[in-house]
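Subject: Structure handover

Hello,

Here is the structure I promised to pass on to you. Please open it alongside this message, and take your time with it.

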Amino acid sequence: MNTLISNVSQLVTPRGDAPVNGSSMSDISVQERVSIRIEDGVIVDIAERVDKNGIDVLIDAGDAVVMPGLVDPHTHAVFAATREEEFLARLQGKPYDEGGIQSSARAVAAASEKDLVQTATPWLQRMIESGTTTVEIKSGYGLSLEGETKLLLAIRQMRKTLPMRVVPTFLGAHAFPGGVRRDDYISTIITDMIPTVRRRRLAQFCDVFCDKGFFTPSETRTILRAARGAGLDLKLHADELANVGGAELAADLGATSADHLLRVDEHGMRRLREAGVIPVLLPGTAFTLGAEYAPARRMIDLDLPVALATDFNPGTCLIYSMWIIISLAVMRMQMTIEEALTAATLNSAAALELADKIGSIEVGKRADMILLDLDSYRQIPYFFGHNPVRMVLRDGKVIHERSRPHKRGASRPS
Ligand code: NIG
Ligand code: FE
């Protein structure tokens with residue numbers, strides 16, 4: 001099927017099929033008044049005038065800003081229940097601890113796979129409506145072979161039924177289940193869970209919550225080595241609550257990404273750079289927890305390819321909109337809007353090993369893109385909390401269209 005998108009006022013995109021480092025993150029391409037030709041889901045031409053022969057679907061962008069679909073490379077989007085009481089208690093001074101993950105695990109234990117799909121689907125639908133075309137989803141609220149398998153099967157089910165791209169991650173090492181010895185749980189992860197994930201092809205990545213009060217660097221190393229042996233790509237929740245050397249470990253293991261990094265130090269950042277590990281920053285979590293933000297500016301100055309994600313989860317960040325994350329990156333982490341857009345598209349695609357297929361609008365890439373009711377992409381961080389998305393395409397097909405178009409102009413918001 002051939003599609004033509006015409007009347008684009010601004011086509012905004014990073015370029016390339018690999019993560020973009022440091023100062024190059026500002027090199028966003030802005031083309032005005034172009035059309036885009038898509039054939040069988042792939043972008044084949046971008047120009048002022050493109051060949052209109054053999055077009056099946058014509059999309060008039062009506063002066064929209066067009067950019068790559070947003071890629072959210074870190075979420076815990078499948079859970080059985082929200083945790084507002086814990087959230088409110090924390091705001092009254094109760095510290096964040098593993099009790100929250102345990103309560104999510106109890107809720108998952110009482111839910112069926114079908115319940116999990118039913119609860120998660122509306123959240124993911126909201127992500128699509130907010131322009132996210134690719135999402136990573138972690139297990140991690142199962143904490144048993146049965147529970148983790150149930151979560152990963154629910155993720156597989158949504159991968160089939162939802163129109164977005166879904167990348168599954170196994171996070172059995174999220175917390176220790178109650179009443180089980182640490183060593184015994186780690187053995188279960190290595191001898192039961194990882195082989196099951198491999199045999200049933202349940203996940204692409206394996207992640208571990210490596211932090212104070214959770215998995216030690218040495219436990220994390222043991223688990224991730226086993227995961228690597230089973231053919232999984234690696235991610236780490238690293239240095240979120242304390243600096244435990246999570247970044248260094250991610251570098252030693254050659255992980256695809258190290259995520260959170262609120263407490264990372266200079267040495268850890270340099271090791272990430274040397275090893276080519278992508279720092280995935282989650283400013284929504286720092287915002288929700290009232291914690292200090294990750295040192296994004298220093299990372300970019302050290303030439304790291306910063307990526308952004310929501311961390312959408314019932315405990316520490318219920319933000320599902322990448323727009324809010326981009327705004328926070330610009331407003332609270334001193335990133336420029338150009339850097340933040342690169343971080344939320346091409347670099348976040350690279351954090352999922354997908355930078356060769358998605359994350360930019362260029363000839364040869366899959367046509368995952370969004371049409372925005374904005375005058376300029378530079379309005380994005382300033383329009384905090386708005387959803388500017390008019391239309392969402394995956395593989396050149398419209399997967400969401402806003403029913404009532406937004407009006408433009410300063411005096412008429414809608
Ligand atoms: O990324 N840091 C670890 N895990 C989640 C929170 C999990 C929870 O509290 O449910 C996070 O912040
Ligand atoms: Fe997380």
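Below is a short tour of what turned up. Please keep in mind that this is a predicted model.

**The iron site**

Which protein atoms are its donors? They are H74 (NE2), H76 (NE2), H237 (NE2) and D311 (OD), lying 2.1 to 2.4 Å from the ion. Along the sequence, these donor residues follow the spacing H-x1-H-x160-H-x73-D. H237 counts as buried because its relative accessibility is 2%, and D311 is buried with a relative accessible area of 2%.

**Strand β13 and its partners**

Next, have a look at β13 (residues 369-372). M369 and L371 point one way from this strand, I370 and L372 point the other way, and all of them are buried. β13 pairs with strand β4 (residues 57-68) in the antiparallel sense, over four bridges, and there M67 stands opposite I370. β13 also pairs with strand β14 (residues 389-394), again antiparallel and over four bridges; in this pairing L372 stands opposite V389.

**Salt bridges**

How many salt bridges does a search of the whole structure find? The count is 25, and three of them may interest you:

- R33 and D63 meet through their side chains at 2.9 Å, N to O. R33 is in strand β2 (residues 29-39) and D63 in strand β4, 30 residues apart. R33 counts as partly exposed, at 42% relative accessibility, and so does D63, at 34%.
- R90 bridges to E86, with the closest N and O atoms 3.1 Å apart. Both lie in helix α1 (residues 84-91), four residues apart, about one turn of the helix. R90 and E86 are buried.
- D395 and R165 meet at 2.8 Å, N to O. This pair links distant parts of the chain, with D395 in the loop between β14 and β15 (397-401) and R165 in strand β7, 230 residues apart. Both are buried, and they belong to a network of salt bridges that also links R366, D368 and R394.

**A glycine in β7**

Finally, G172 is found in strand β7 (residues 165-173). Is G172 buried or exposed? G172 counts as buried, because its relative accessibility is 0%. Leaving aside residues up to four places away in sequence, G172 touches S139, L143, E148, Y185, I189 and M193. G172 and D207 are 35 residues apart in sequence and 7.9 Å apart in space, C-alpha to C-alpha.

Note on methods. Residues numbered from 1 in each chain as written. Chains lettered and ligands numbered in written order. Predicted model: local features only at pLDDT ≥ 70, side-chain atom pairs only at ≥ 80, totals over all residues. Heavy atoms only, no water. Helix = DSSP H or I, 4+ residues; strand = E, 2+ residues; numbered from the N terminus. Buried < 20%, exposed > 50% of the residue type's maximum accessible area, 1.4 Å probe, protein only. Contact = heavy atoms within 4.5 Å. Donors = N, O, S within 2.8 Å, 3.2 Å for Na, K, Ca; no water. Pairing = 2+ DSSP bridges. Salt bridge = Lys/Arg side-chain N within 4 Å of Asp/Glu carboxyl O.
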